[in-house]
Amino acid sequence: MSRVQVMEHPLIQHKLTILRDKNTGTKDFREAVNEIARLMAFEVSRDMPLQDVEIETPLVKTVQKKLAGKKVAIIPILRAGLGMVDGMLDLIPAAKVGHVGMYRDHETLEPVEYFVKLPSDINERLLLVVDPMLATGGSAIAAIDSLKKRGASTIKFVCLVAAPEGVAALEKAHPDVEIFTAALDERLDENGYILPGLGDAGDRLFGTM
């Protein structure tokens, strides 16, 4: 059974169209990524467990709901994943933030890990691995490999745009990882770019085109 959730909320789709438009400048692109990440965090956190707690309102004692269970860490894949962190922290401000750096070897085309800095208790946390693009799936798979090697057990992958090829590869490599995306696009081109996609998310976020 597929563990992919495509978030078709009208606000997410509207803001995603802004991202896709080649005429959207760096400032507006960055703001839209931040806003979509915030909206996606709402859905990604939907199944967080609750516990009963007794509190006192100005009028009466009452039993109400409070978050329970696993704490959260947001793990951006550098560098483009950084653009999604603040939006998610807006909704989950107590989350810790780790970082996984990957680059693609130009000869082998395989992802190479160059930086990892994580909270010490990742085995006790729900990890939200974030990257705007899920193209071939190579970076996502390598990042999740790295996290599991360090003890992580509960992981969700969150992206803005995914290609079917990347989804299939990630599902095959990590069938226990749920995938959340704002859009499942058509395919990859011969250079590994998502079509219709939104271009290079890192370059558009940081103005390095």
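Biologist: Which residues of helix α5 are buried?
Modeller: Keep in mind that this is a predicted model. Buried means under 20% relative accessible area. In helix α5, which spans residues 164–173, the residues that count as buried are G166, V167 and L170.

Biologist: How wide an arc do the buried residues of α5 cover around the axis?
Modeller: The residues in question are G166, V167 and L170. They lie on the same side of α5, because the arc that they cover around the axis is only 100°.

Biologist: Which elements do the buried residues of α5 pack against?
Modeller: One of the partners is a helix, α4 (138–149). The others are strands.

Biologist: What is the span of α4 from its first C-alpha to its last?
Modeller: Helix α4 has twelve residues. At 1.5 Å a residue, the expected span is 16 Å. The model is close to that, as α4 reaches 16 Å.

Biologist: Which residue with a positive phi follows α4?
Modeller: Within α4, the buried residues include A140, I141 and L147. After the helix comes a residue whose phi is near 110°, and that residue is G151.

Biologist: Is M133 buried or exposed?
Modeller: M133 is in strand β9. Leaving aside residues up to four places away in sequence, M133 touches C159, V161, I194, L198, G199 and A201. The relative accessible area of M133 is 18%. The cut-off for a buried residue is under 20%, so M133 is buried.

Biologist: How many salt bridges does a search of the whole structure find?
Modeller: Side chains of opposite charge can pair when their charged atoms come close. For a salt bridge, the limit is a side-chain nitrogen of Lys or Arg within 4 Å of a carboxyl oxygen of Asp or Glu. Searching the whole structure gives a count of twelve.

Biologist: How many residues apart in sequence are the parts that R20 and D185 tie together?
Modeller: R20 and D185 form a salt bridge, with their closest N and O atoms 2.8 Å apart. R20 lies in helix α1 (residues 10–20), while D185 lies in the loop between β11 and β12 (187–188), so the parts that the pair ties together are separated in sequence by 165 residues.

Biologist: Which residues are joined with K71 into one network of salt bridges?
Modeller: The side chains of K71 and D121 meet in a salt bridge of 3.5 Å, N to O. K71 is in strand β4 (residues 71–78) and D121 in the loop between β7 (111–117) and β8 (125–130), 50 residues apart. Through salt bridges that share partners, K71 is in one network with D121 and R125.

Biologist: Which residues make the nonpolar surface patch of about 330 Å²?
Modeller: One of them is Y103, found in strand β6 (residues 99–104). Y103 has a relative accessible area of 43% and is partly exposed. A patch takes residues with over 30% relative accessible area, so Y103 passes that limit at 43%. The patch is made by Y103, Y114 and F115.

Key:
Residues are numbered from 1 along each chain as its sequence is written. This is a predicted model: local features need pLDDT of at least 70, side-chain atom pairs count only at pLDDT 80 or more; totals for chains, interfaces and linings use all residues. Side-chain values use heavy atoms; hydrogens and water are left out. Patches are made of residues with over 30% relative accessible area and no salt bridge: like charges are joined within 9 Å, nonpolar side chains (Val, Leu, Ile, Met, Phe, Trp, Tyr) within 5 Å. Accessible areas come from the Shrake-Rupley method with a 1.4 Å probe; for residues, only the protein chains shown count as cover. Helices (H or I, at least four residues) and strands (E, at least two) are DSSP runs, numbered from the N terminus. Buried means under 20% relative accessible area, exposed over 50%, partly exposed in between (1.4 Å probe, protein chains only). The arc is that of the directions from the helix axis to the C-beta atoms. Contact means heavy atoms within 4.5 Å. The expected span of a helix is 1.5 Å times one less than its number of residues.
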